[in-house]
Amino acid sequence: MAKVLMKGNEAIGEAAIKAGCLNYFAYPITPQSEVAEYLAKRLPDVNGTFVQGESEVAVGYMIFGAAGCGERVMTTSSSPGISLMSEALSYIAGARCPAVFVNIMRGGPGLGGILPSQGDYFQATKGGGHGDYHLLVMAPEGVQEAVEMTMKAFPLAEKYRGPVMILGDGLIGQMMEPVEFPDNLYAEPLNNDDWATSGMDKRGADKKNIVKSLFLNPKELNDNNLTLKAQYEQMKKEEVMSEAYNTDTDYKGLIVSYGTMSRVCRTAIDTMKEQGLEIGMIRPKTLFPFPEKEIYDAAAKESCKAVISIELSMGQMVEDVERCVRGIKPVEWYGECGGDIPAPETIADVVQSLLN
Amino acid sequence: MDSLLNTERPPVFCPGCSHEKVVHALDATLCRMEIPGNRVVVVSDIGCSGLFDTFFNTHAMHGLHGRALTYATGLKTARPDLTVIVTMGDGGLGIGGAHVLSTCRRNIDITLLVLNNFNYGMTGGQFSSTTPEEAVVGSGFLNRIEKPMDICMTAGHAGAAHVKRVSTYDKQLEDTMEAAVRFKGFSLLDIHGICPGRYTKRNTINPGQIRESLDALPDTSHFETMNARQDYHTRYMEEAEQMKKTAGPATIKPSCSPCEKGLHKISVLGGAGQRIVTAGELIGLAGMAAGMRATQKNDYPITVLRGHSITELILSEREIGFTGTETPTLVLALSEDGTAQRTKMLENLPETTTVVKTKGLEMPAGKAKVMEVDFKAAKIKSSDRALAMLAVLAARNTVISMEMLKQALSLKFKDPILSSSLEVVEKAAAECTVV
């Protein structure tokens, strides 16, 4: 199959087009600005529209508006920009509109830096905005997976009528890798628009649709939240994705790592294997829903003495890992979050000293 | 056409509220324009004007304070065929100020009805961005300090063409509204009215006074000619039509075989203007043309026209895990800007690394094997040296072959850049001396 060499950011833009997304709103921020630059040129080719909002706050709601009339829509940003969009994310989740948000994470808190980070794990998986909601969060480990996840994100957003987030890091956005765009990931829009602000034609003209997150009646609000809850429970059953690496061995330790960091761990695992130390890894591909059972089962293996969460953050995913391991094995953490990515040798040293 | 008012939910404003008149005027306007309910979306903000969406048998989006114009923009962009009416009070106007200005500049084809009653009615009558300085409101003396905003002048100067003031009590309210909805582009109606629940409790205001104060305000009709232009969508489509189609990403089919198998970690160290990132991309494409896997990472400062420019590549026949190049197998050094950024890495280079550097460049190289290329003697200018260095490598079948490099160039460039690049390659391969 013919491949193209593309920067992650540009590949995400192309993937959105391949997924049939014709509406894109964004505001420039390093290290994801290339998505906007790419789509500014590419969207007109396919009769799509790009509006550069006056701020990420505006962009978040432009997404709300386009999603509210049932059209496929995406934005891309990086950590501080996602903070500004978090308000809109809460409304979009509350009003149950399908939309795709891409966060190419950089360092924080505050302005932090422009180098890769995984410091937005909590924000992406536990909230960000106010209220009882979740995003379906997918975390690619490279450019090819970023493409595939972006293409899958649109039908998933429609299936659950809610926002889906692609959580990458600066390296995935900036790095160039060969990619191919799988035709089989294109899915026709699932919505019959029976809820959207364009839906009257299809439903008999007397019933109007109001897209809103406001439910002043306590029962209505509780029902809306129960609907959201049911969606999240269904995601936990149907959408968990993870990858196991070297787990067919009698590994002494289990790494849990995602995104760019998991690639470093994979190399470290190969090196340790050559030196006679078997280490397994579970790489969550969805961060919400989280691969709870996969991690528990892998930790439960008799040979496994400890579990270590390795992240480009000061210990965020480790809380979920601890929750999944349920105390049957010790859970440790290692991470860096200044922007430098730890080398495989560092990871090997850390793992070896933890196991001794 | 029948009324679009929702009979199950009649307006529930305070007795005497001007908002109710606006509800009926909007209904009458849509009816006489014969726009059916399924072609209209009422987009509301917050506060009492935020209640509008429930009163109409049209589609509606209800959001939050100050943001109504942003989701209206998203909606209109995705569905330009729908009529979008935004209602907002003077509260939302203040909170969403930047959104108002941007919508004026953008000229999105939507209509904004500002239900201006000079205070935050729903929260208890606090001062807003339009409260007169002399008014008595629920915010103590704070409104005496801040100057109220004339939204029409602000909007006109921000680029809105159709900007009108009107009193809720004017006979021509419906005509004014119809003209605004018909206007192709962003239109703003500043509708002055009375808030009996809060504002008139402490201030005297009546339709006559509203008319008088409106008459005293500057005329806005000149904005129609001053800001006359196409609406956003029409203009976008015209521009898109004229734009040259992009080629889309170039696909690469392996067409030759690698000259050196194995894992190559390549670090190219240079400075701004030396086309380092492009050279890196060419290495990646060359590898892919030979069926190898490739990753590329770039490093340059935010100020792109000065300082270092570094690109790091991995070429491998196997899947690439860790993408770091702490210990490169090949270093291409073109300027001190680049080498100074990687001093520690360079000092620790092992015997297995090859360094190819510009002649005369002072740099640490650890135990690496060092080769020097004399670009000056071959008269190759700084901006061509990264490419020339690839030609030198290719001529010696180091990591890339000449065939791989030429494949990469034809994937990356079209004429005339392709032929000028090939000239640089031929010249460098023939004339650069390597020591």
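Buried area is the accessible area (1.4 Å probe) that two parts lose on being put together, summed over both. The views show a predicted model, in which local features need pLDDT of at least 70, side-chain atom pairs count only at pLDDT 80 or more, and totals for chains, interfaces and linings use all residues. Residues are numbered from 1 along each chain as its sequence is written, chains are lettered from A, and side-chain values use heavy atoms without hydrogens or water.

View 1. About 5,000 Å² is buried between chain A and chain B, with carbon and sulfur atoms giving 61%. Glu54(A), Met176(A) and Lys208(A) supply 12% of the area that chain A buries against chain B, more than any other three residues. Contact (heavy atoms within 4.5 Å) takes in 66 residues of chain A and 61 residues of chain B.

**View 2. A salt bridge between the chains.** Arg266(A) forms a salt bridge with Glu319(B), their closest N and O atoms being 3.4 Å apart. The term denotes a side-chain nitrogen of Lys or Arg within 4 Å of a carboxyl oxygen of Asp or Glu. Three salt bridges are counted between chain A and chain B.

View 3. Val307(A) stands opposite Val331(A) in β15(A).

Note on methods:
Pairing = 2+ DSSP bridges. Helix = DSSP H or I, 4+ residues; strand = E, 2+ residues; numbered from the N terminus.
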